[in-house]
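Me: Can you walk me through this one? I'll ask as we go.

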Amino acid sequence: MKIKVIIADDNSFIREGMKIILATFDEFDVVATVADGKEAVAYCEAHDVDVALMDVRMPNLNGVEATKQLTERTSTKSLILTTFDDDEYITDAIRYGAKGYLLKNNDPERIRDAIKTVYYGHHVLQDVVLNKLKSRLSVAKPEKEAKGDKIDLSLFTERELDIMALIAKGLANKEISKKLFISEGTIANHISSVLSKTGLEHRTQIAIFYLTGEVNK
């Protein structure tokens, strides 16, 4: 069964170009292309769509708000395709349910893999996007009022804090295993413990929590 994909982008060149690219892969069926978030939400409410490739800056309804509505109203998973100029939207997109955040200039194979990753229930946050997020957070004023709920870091073990720090740097479990000299299974157990203590759902949220000290679900 093919993965049903909708492409939402107000740039017709990008929209149709992406459709042509995805058509070269047997895994996908591009069921629609639309020019804004409002059209994307309406289509996904009326049809069975697995993954929505969502531009950020679109008329009528931007990709972040459309992602929020898709998460609330449908089972469609949202994968944000963005440019560096859109990095201010990262945290909101993730908070509203985006399953991935990817730059538009990636190779077709990278986009294909990201769509499949999101479809199978995992999350994609490109390293360069994570670095942009960390850069934005590093210049934030410490006294700025938190938008999320504060969590006491004393709840976590030293090993859990080590793993959270490495997740925030964008490392996968295999890379963390090599750095800390522990098995990937042990790392998975620690991550499960962190998720349980924070009420978070996935490692991208752990990275944001570690960098901000806030729980934004």
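Reply: Helix 5 (residues 108-119) lies across strand 1, strand 2, strand 3, strand 4, strand 5 (100-103) and strand 6, at about 155 degrees to strand 4. Contact means heavy atoms within 4.5 Å; axes are lines fitted to C-alpha atoms, for helices over the stretch in contact, with angles from 0 to 180 degrees between N-to-C directions. Helices (H or I, at least four residues) and strands (E, at least two) are DSSP runs, numbered from the N terminus. This is a predicted model: local features need pLDDT of at least 70, side-chain atom pairs pLDDT 80 or more, while totals for chains, interfaces and linings use all residues. Residues are numbered from 1 along each chain as its sequence is written, and side-chain values use heavy atoms, without hydrogens and water.

Me: What order do the six strands take in the sheet?

Reply: The open sheet runs 2-1-3-4-5-6, with parallel pairing; two strands pair if DSSP finds at least two bridges between them.

Me: Which strands stand at the edges?

Reply: Strand 2 and strand 6 (124-125), each with a single partner strand, so one side of each has no neighbour in the sheet.

Me: Switching topic: is Asp55 buried or exposed?

Reply: Buried, at 5% relative accessible area; the cut-offs are under 20% for buried, over 50% for exposed and partly exposed in between (1.4 Å probe, protein chains only). Asp55 sits in strand 3 (residues 51-55).

Me: Which residues does Asp55 touch?

Reply: Leaving out residues up to four places away in sequence, Asp55 touches Ala8, Asp9, Asp10, Gly63, Leu81 and Lys104.
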